Amino acid sequence: MTQDIEMKEQQPALSNSLSTTAPSTFQNLKEIAALIEVGAYAREVRRIVRAIRWTIQLRRKLKASVLSAFLNHVLVPGSELQSRLYSHLPKEDEQDMELDTATSATQAPAKHPLPELEVYCCLLVLIFLIDQKRYSEAKACSSASIARLKNLNRRTVDVLASRIYFYYSLSYELTGDLAEIRGNLLALHRTATLRHDELGQETLLNLLLRNYLCYNLYDQAEKLRSKAPRFEAHSNQQFCRYLFYLGKIRTIQLEYTDAKESLLQAARKAPDAALGFRVICNKWAVIVRLLLGEIPERTIFMQKGMEKALRPYFELTNAVRVGDLELFKKVADKFSNTFSSDRTDNLIVRLRHNVIRTGLRNISISYSRISLADVAKKLRLDSPNPIADAESIVAKAIRDGAIDATLDHANGWMVSKETGDIYSTNEPQVAFNSRIAFCLNMHNDAVRALRFPPNSDKEKESAEKRRERQQQEQELAKHIAEDDDDDF
Amino acid sequence: MDPKITEVSQAFERFKAAFVRNDFDKCSELLSQLKVLLTKFKSLPPLFEETPNAIHELTLARDIYEHAVVLSVKIEDLDAFERDFFQLKPYYTDACGRLPQSPQEYLILGLNLLRLLVQNRIAEFHTELELLSAIALENPCIKHAVELEQSFMEGAYNRVLSARKTLPHETYDYFMDLLAKTVRDEIAGCNEKAYDSLSVNDAQQILLFSSDQELVEYIKEHPEWEIKNGFVYFKQARESEPCKEIPSLQLINQTLSYARELERIV
C-alpha cells in the first residue's frame with residue numbers, strides 16, 4: 001500500500017517538473033530507475049510498463065549530459081557495458097556533467113546493477129541515438145544489446161526487450177538494410193516462443209511481417225503468419241499493427257471481405273496520436289471497399305488531419321462512383337507518384353474492372369432497354385471492337401449477379417429486369433444478424449477485458465466461513481430453481 | 001577449369017543439341033543427369049557458399065534450369081514446370097546482385113504468370129505480380145500476361161482470344177490453347193444466364209467454333225440446353241428458381257444464439 005502511495009506522489013511531481021531544465025530530467029530518470037528496481041524485485045511487470053510509459057514522455061528532454069550522468073549513477077563505473085554506452089554519447093557540456101556527477105556521488109553508493117537496469121540503459125541510449133538520427137550507431141548499439149539479451153530469461157526484462165527489438169528493426173530499416181536481420185529476427189522469435197514470452201512473440205512477429213512486406217514478399221509473410229502461434233493480444237499497439245499487416249496480405253490475395261474487416265478494425269483501434277498509421281490504414285481500407293464494390297462515405301475523407309493525405313483517394317472514389325473510365329485513367333495518372341509510394345498502384349489497376357461494373361450498373365438501372373452500341377459508347381471502352389467487348393462484359397456481369405438483365409443478340413440490346421421489393425426477401429434478416437453478432441461480440445470482449453486489482457491482502461477464508469458461504473449459495477440455488485418451477 | 005564444371009558444360013551442350021532436334025525423351029534423360037551433377041556444387045542455393053568458381057557455376061545452373069522450364073512447356077507437363085520454376089526462382093531473386101541479368105528472365109516470368117492464370121490461381125498471380133519491379137512490368141512478355149488477366153477479369157473474352165495472335169514468343173502457344181478452352185467454358189456459362197436464346201450461327205460465332213459440328217458436340221456436354229429450329233435455348237438452366245420458402249433451420253439457430261447471449265448479460 002505504501003508503495004502505491006509513493007507512486008502517486010511521484011506522478012504529480014513528474015508532471016510539474018517535465019517543463020523545467022535538465023537536472024529535473026535527471027531526477028525523473030532516477031525515479032524511473034527506482035521504479036524499475038521495485039518492479040524487478042516484486043516481479044510485477046506492470047511497474048516496468050509504467051516506467052516505459054514515463055520514459056516515452058521524457059523522450060524529447062533527453063540530452064547527452066543527462067544520459068551520461070544517469071549512466072554514471074546507475075551502472076557500475078568502469079564496466080564494459082558502461083564504457084560501450086558512453087562511447088555512443090557525444091562528450092559535450094563538461095560543466096553540467098561535473099555538476100551532476102557531484103550530486104550523484106554524494107547520494108548513491110556503488111551497487112551491483114540489476115539486469116533490468118542495464119537493459120533499460122541500453123534502451124535509453126538507443127532511443128537517444130535514433131532521435132538524433134545517428135542510425136548506424138544505433139544499429140551497432142542495438143545489435144550489441146540483443147546479444148546481451150539472449151542470456152536473460154526474466155519476465156520483467158521481456159517488456160524492455162520487446163522495445164529494444166522494435167528499435168533494432170527500426171534502425172536497420174532507416175538505413176535500408178532490413179533484409180540482413182531477417183535471420184536474427186526469426187531466431188529471436190523462436191527463443192521468445194520457447195520462453196513463453198508472449199509480448200516478445202507479438203512484437204517479433206509484427207517486425208518480421210513488416211520486414212517481408214517491405215520487400216513485397218507477401219507469400220512468405222502469409223506462410224509465417226499462418227503458422228505462428230496465436231494468442232490474446234497483450235498490447236493494443238501491436239495488435240493494431242498485426243491487423244494492418246494482415247489486412248494488407250489479404251488484400252493482395254484477393255480476399256477483400258477479410259481485408260476490409262482487419263483494416264477497419266486497425267484504423268478504429270489505433271490511438272489518436274498515431275496519425276500516420278491511421279492515414280495509411282484508411283487509404284488501404286478505401287481501396288478495399290472500392291474493390292468490393294461499395295463506395296466509402298465522404299466523411300471518411302474529411303477526418304481531422306487526414307484531408308490532404310486522402311485527397312488522391314477521394315478523387316479516385318469519385319471516378320469509381322461515376323463509373324467513368326476516362327476520368328479514372330486521368331486520376332490514376334495524375335496521382336501515380338502518390339500511389340506508387342503507398343505501394344497501392346497494383347491495386348489501382350485492379351480497380352478498372354470495378355469502374356466498368358459500376359458504370360454498367362448505373363446504365364442498367366436507368367434504362368429498361370438500351371442497345372449495346374450505346375452501352376459501349378457510355379462506358380467509353382477504348383478498344384478496337386467495342387460492341388463485342390461490351391456484349392461479353394455485360395454477359396459476365398449478368399453471370400456474376402452484378403446486374404439483373406437479359407441480352408438479345410439478334411437485336412443487339414440489353415433488357416433490364418424489374419428489381420423486386422427487398423423487404424420481402426431475406427436481406428434485412430441477414431444484415432440485422434451480422435450487426436447483432438458484432439454488438440454481442442463487443443460486449444463479450446469488454447467483459448473479458450475487465451481488470452480487477454490484485455487480491456494479495458485478502459485474508460484466507462477459514463473453513464467455517466467457507467462452509468457457511470457454500471450453504472448460502474446452495475439455498476439460493478434451490479430458491480431460484482423453485483421460483484422457476486413456479487413460473488412454469 | 002574445374003573438372004566438374006567441364007563435365008556439366010559438356011552434358012549441357014548435348015542437352016541443347018537434343019533440344020534443337022526436338023528429341024524430348026533424350027532431353028529429359030540428360031536433364032535428370034544434369035540435375036544430379038548440379039548437386040555437387042556447393043555454391044548453389046540453398047547453400048550459396050563462396051567458392052572461387054561461384055559465378056560461373058551459378059550462371060551455368062541458371063541456364064540449365066531455364067532450359068528445363070522451356071522443355072516442360074514443350075512436353076506439356078505443368079507439374080514439372082512448377083517444380084523447375086521454383087528451383088529457378090532463387091537465382092532471380094537472391095542471386096540477382098551477383099549475376100548479370102539473364103535474357104530469358106522476363107520470358108520465363110511471363111510464362112509463369114500465364115500458367116497461374118490458366119490454372120485460375122489468381123491470388124498467386126497477383127502475389128507474383130507484386131514482386132515485379134516497374135521495369136519488369138514494361139517488358140512485352142509480362143505486359144502481355146497482365147493485359148490478358150485484365151481482359152479475363154473484365155469479361156472481354158474476345159480480347160483474350162484475339163491476343164492469341166500477338167504472342168511475344170512461340171512457347172506461349174501451349175498456354176494460349178489451354179486458356180482458349182477455359183475462356184470458352186466461361187463464355188458458355190455467361191451466355192446461359194444472359195441470353196434466353198441464340199441462333200445457332202450466333203452461338204457458333206460467340207463460342208468461336210469453326211463449324212456447326214463442333215457446336216453440336218459442345219452442346220451435348222450441356223444437357224440443359226436445347227436446340228430447336230436453328231435456335232439454342234438456354235431457358236432450362238434458369239427453370240430452377242428457388243421457391244420462396246423460409247430457411248427455418250437458420251432462423252431457429254440465430255434466435256437461439258440471441259437468447260443465449262442475452263441471457264449472459266448480467
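**Stop one: the sheet**

Start by selecting E1(A) and strand E3 (residues 413-416) of chain A, which pair in the antiparallel sense over three bridges; strands are DSSP runs of at least two residues (E), helices of at least four (H or I), numbered from the N terminus, and two strands pair if DSSP finds at least two bridges between them. This is a predicted model, where local features need pLDDT of at least 70, side-chain atom pairs count only at pLDDT 80 or more, and totals for chains, interfaces and linings use all residues. Residues are numbered from 1 along each chain as its sequence is written, chains are lettered from A and ligands numbered from 1 in the order in which they are written, and side-chain values use heavy atoms, leaving out hydrogens and water.

Click Arg369(A): its bridge partner in E3(A) is Val415(A).

Now show the whole open sheet: three strands, ordered E1-E3-E2 (chain A), with antiparallel pairing. Strand E1 (369-371) and strand E2 (405-408) of chain A are the edges, each pairing on one side only. From one strand to the next, the twist averages 20°.

**Stop two: a helix pair**

Next, select helix H14 (residues 256-269) and helix H15 (residues 275-292) of chain A, which pack at about 155° with axes 9 Å apart (axes are lines fitted to C-alpha atoms over the stretch in contact; angles run from 0 to 180 degrees between N-to-C directions). That makes H14(A) roughly antiparallel to H15(A), a label for angles over 145 degrees.

Note on methods
Parallel < 35°, antiparallel > 145°, perpendicular 65-115°, else oblique.
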